[in-house]
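Subject: Handing over the model

Hi there,

Here is the structure I promised to pass on. Please have a look at it first, and then read my notes below.

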Amino acid sequence: MNMRKVIIRPFTYLKSSMEMECNRIIALLALQVLLLFMSKSFMAVVVIFSAVAASVVSTIICNRTKCFTSGNHYSYSVSIVQGLLVGMLLPETYPPLTVFVVTFCTMLIGKYIYKNFYYNFMNPSVFALAVLYIIGAGVFASSVVSLDLLSSRNPSQILIESGFFPTVSFDTTVTDFLNKTVFSVFKFSIPEGYISLLWDTHSAIPAFRFNFLTLISSVVLFMFDEIKIIIPAFFVIVYLALVRMMAPLFFNGIPMQGDILLAVFTSGTLFTAVFVINWYGSIPETIGGKIVFGVIAGILAFFICGCGDSPIGMVFTVFVADFIALFIQHFEMKNDFVHASRLADSLVRSKESGVLEVK
């Protein structure tokens, strides 16, 4: 007698679970860690693993002691992502022991405060980074972009020519190829050095280095959930538009000639947009709320980070934006309550009249 296995699957998921998405993020960030190892940035790798270990250990303790109020437990995939974000946004010169202790304490305290869900109010990685910056601000390098440099037309090109951003050996070959095959169609060309800036900025902060890999990661992550691109898109567009149009007014530069490439490739702008700003629970739920949040975050980034080259500006941008998101979420909840009340009244009236009429 042939036996046939029957699998009942009554539900179809419209998007990936948080666990699955975190696994994707881990895989994508692991590629950046691998490039750090291949480029012999061993201290950066040690700092990252210190943050990951601290985050995971805090989760183990919480799960063992059952600090949550419900029957759930804290996800280890989420903890690994949180640790990776902390380590990637720290300078490689930050003492690993301090990274472990501070990350462990902030993550553990946060879990005990929020009990059953530590993914709302604020991105825990951002909170840990803010504490780490307050403790060791001197470890973070100061900006090298002076006011005189910002008043010039292309600060990023000047930094490339001065050797601040090292060029890779294949830069000339790739630049010539792109100018002849792609950019010639649009009647413009790019100078040498920008391919190196996209490939590896050699920053002491790992999240600022491999912008090309971050761009690829954005395609992978957003193609599984188109809604998640709303906040990063508005955040980046508003920030770069302000840099382009408004920045020269503050630095006596050439009107409408702000250096958006400097803003994109420094300060971890792309990394923040792809991996940090969309953290679960700390952002609005509605499309309108997401747009408003993205616009506000872009404005904050302009006033906090300026034209770029800020070692910690994007972290505090998200830190402040998360507080503002509380008010947006409150408005969303109030609006949902009003809509639900109107729907309930409509149902009552329909029942009384004998005609079901749902609006």
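What follows is a short tour of what was found.

A word on conventions: this is a predicted model, so local features need pLDDT of at least 70 and side-chain atom pairs count only at pLDDT 80 or more, while totals for chains, interfaces and linings use all residues. Residues are numbered from 1 along each chain as its sequence is written, and side-chain values use heavy atoms, with hydrogens and water left out.

Confidence comes as pLDDT (the predictor's score for each residue, from 0 to 100). Its mean over the protein chain is 84, and 84% of the residues reach 70 or more. The lowest confidence falls in helix α6 (residues 147–150), with a mean of 68, and the highest in helix α14 (residues 269–276), at 95.

The protein chain has 16 helices and zero strands; these are DSSP runs, numbered from the N terminus, with helices being H or I of at least four residues and strands E of at least two. Of its 359 residues, 48% are buried (under 20% relative accessible area, with exposed over 50% and partly exposed in between; 1.4 Å probe, protein chains only). Among the buried residues of α11 are Ile230, Phe235, Tyr239 and Val243.

Asparagine 123 deserves a look. It sits in the loop between α4 (96–114) and α5 (124–135), and it counts as buried because its relative accessibility is 0%. Leaving aside residues up to four places away in sequence, asparagine 123 touches Val276, Trp279, Ser282 and Asp322, where a contact means heavy atoms within 4.5 Å.

Finally, the aromatics. The whole structure holds 13 aromatic pairs (Phe, Tyr and Trp rings, the last by its six-membered ring, with centres within 6.5 Å; planes under 30 degrees apart are stacked, over 60 edge-to-face, the rest tilted). Tryptophan 199 and phenylalanine 212 are stacked, because their ring centres are 4.5 Å apart and their planes meet at 10°. This pair links helix α9 (residues 194–199) to helix α10 (residues 211–222). Tyr94, Tyr133, Phe140, Phe316, Phe319 and Phe323 form one aromatic cluster.

Best wishes
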